[in-house]
Amino acid sequence: MNVVKNKKWESGKCMALALQQLINGLTLGAVYGLIAIGYTMVYGIIGMINFAHGDIYMVSAFIAVSAFTLLASLGITSVPLALLTVLLLSVLFTSVYGWAVERTAYRPLRGSTRLAPLISAIGMSIFLQNMVQLTQGARVKPIPPVVVGGFDLYASEGFTVHLAYSQLLIVIVTVALMAAFSYVIGKTSFGRQQRACEQDPTMTALLGINVDRTISLTFMLGATLAAVAGVLVTVYYGVVDFYIGFVAGIKAFTAAVLGGIGSMPGAMLGGLLIGLVEAFWAAYLSPEYKDVATFSILILVLMFRPSGLLGRPEVEKV
Amino acid sequence: MGEPVVQVLGGATLADRSKDALAVAFVALLLGIPMVGLTTVDQGGTLQVATRWPILAAFVLAVFAGRLVLRYLADRLGERRVRRERSLTSSDQRRTAGGRRMIVRVGWLAFIGALLLPIAFSDNRYVVDTATTVLIYVMLGWGLNVVVGLAGLLDLGHVAFYAVGAYAYALLSTQFGWGFWVALPVAGLIAAGFGLIIGWPSLRLRGDYLAIVTLGFGEIIRVILINWTEFSGGPNGITSIPRPTFFGLPFKPPSDEPTFASFFGLEFSPVHRIVFLYYVILVLCVLTNVFVTRLRRLPVGRAWEAVREDEIACKALGINVTNVKLSAFVLGAMLGGVAGVFFAARQGFISPESFTFNESAIILAIVVLGGMGSQLGVVLASLVLVLLPELGRDFAEYRMLLFGTAMILIMIWKPGGILSKREPTLRHAREEGRP
């Protein structure tokens, strides 16, 4: 009798823990997915890894910290209003960063060697990291919690599954953004131009489409998604430092590769998977080595399925 | 072809230029507001917004003025280049050959200078010590140069192999009592093995994947070194790593065992060891240089450069592109590992802190700034990059910012690097000016 009860308790706790990790993993994964889309879009259209993308996300998180602090000092206490303002400000300024990065570091190198834009991109990443470190300080920036509270979904003896409002916010914003994004890429004329440039930039240019402008807009769109991710992470964790872009960048890129680079639904799927793996690994195996787990996935995907889950095999034409 | 371009550029009026500069200044303003104009400072546990409008105004003004001047200069240079292109003669080829001869001469001079340096500064510990640091970076740079400069692969985690070499020696010597000279090749091979494991899955694909895989690998090695305390000593690192000996003679104060000083009947001095270490790394560097220069003339070396220029053409010619790239990558990893062994032996203490991404970035900056593929360029770049922070500590703060900027500018200005040998020996006159 006693044994049976104990077993039931154990399984209940196990399930609760797994559910909690599922929630945490999906939240984290949504953020990775948003960043990964920026990688995958840029890779699709100009065929390079934009190393500075993770740092764009970091810049956005810093803008969010400044904006939240500014609003608090102005006495704006309404949470939805503050969130909306910060999102708009962050998207506005971060997309200018995305545009400027492309314009200064990548556009002059179009048609150059394969290596040149990659080195320029890593130079840009180093530049952004150190610029933020110098202008905003190297120390961790904590902000007071913006979205507090949450639901208790399921309580088992000794363990409660908690869904914070901030997690719910991340999931809702991500879903809404994905819907808007799919519409923009799939239905609008910009989306058609963007896809056309991915397939054949020369032919697209011959048809009278401004390829440079489309590429610039792609960078801005990628930066917009990264900006939203940056704001959401700031709200979720409440701390920001100049190094967050580096690790998030590697993970988001892994997500993009896992989903199939060039494929936008793939990037989101990859992001969610990476988030789940990380959350479960941290909970059940070892929190110190969660980055190692992500990285091993990258290596394994490259070895066994380089085109990713939803990607097409890459064919290089001469 | 060039004619109409010149006229348009030359015809740009001051108004046009000001308009252009104004647009750039506006973008600078947007970029500057969140980063330069606003910042948050910690005041008693909570953040407060601080504004820096005067600095922002200065920044925007500087961008405006800078854009005006740069635009003007660029137009002027463009005109001049077009004029020069028109008067292009065949003397160009002779000049390249002469330049190459001069590079060899400068190289020999540098080598002789390096040989004599400890004799000239035998009483100045600091100079020899700094020169040793420069040579470590030269060695790392030459190792990475094989990967980036010759094979055209981007390796963003070179420091990982440096760390593998350093830890391999530290563990072999402190746990198993191996000597420096025995551990040196073994640690190099271990680093090469890691290169194989990392390179094989990613090099079968496009070169870009290698960049992110190496970036991740560099980070992972550091995470493992910090967390696996039983193995690597964790954040505390490994201490009292034995120093290299001179054919079994240690550099120690006089004791019962024969030491270097007592064997040669010299008075003990700590400078002996520093000078000895300097010559060890000099020998390692020279060996690396000779090895790489020779390899470049072998089929595999030519294949590296061919793959860098056109992978598809190489495949069509029946070259196994994956193996060619892998050989370059593994060789680079091995050289990085050897440099790591020397680093561990010289410091006597290593910790994960010495192997951060910044270190990888510095090595990459050395290769890129020095001119990819140029051995002498790496030496010059290491000299500049190591000596500049020594001159002023203020500079150290801005060092990485400048490296990042320089990497972008050099890629835009000369994608082959400043002192590159990338230019083909023979070329069509019309191609001048376009890389």
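## The interface of chain A and chain B

How many residues of chain A are in contact with residues of chain B? In this predicted model, 64 residues of chain A are in contact with 59 residues of chain B, contact meaning heavy atoms within 4.5 Å. The two chains bury about 5,600 Å² between them, 77% of it on carbon and sulfur atoms, where buried area is the accessible area (1.4 Å probe) lost on being put together, summed over both parts.

## Two helices of chain B

The axes of helix α11 (residues 270-297) and helix α12 (residues 299-309) of chain B come within 4 Å and cross at roughly 80 degrees, which makes α11(B) roughly perpendicular to α12(B) (65 to 115 degrees). In this contact L295(B), R296(B) and R297(B) of α11(B) meet residues of α12(B) including P299(B) and W304(B).

## Basis of the model

The model is predicted, with local features needing pLDDT of at least 70 and side-chain atom pairs counting only at pLDDT 80 or more, while totals for chains, interfaces and linings use all residues. Residues are numbered from 1 along each chain as its sequence is written, chains are lettered from A in the order in which they are written, and side-chain values use heavy atoms, leaving out hydrogens and water.

Notes
Axes fitted to C-alpha atoms, helices over the stretch in contact; angles between N-to-C directions. Parallel < 35°, antiparallel > 145°, perpendicular 65-115°, else oblique.
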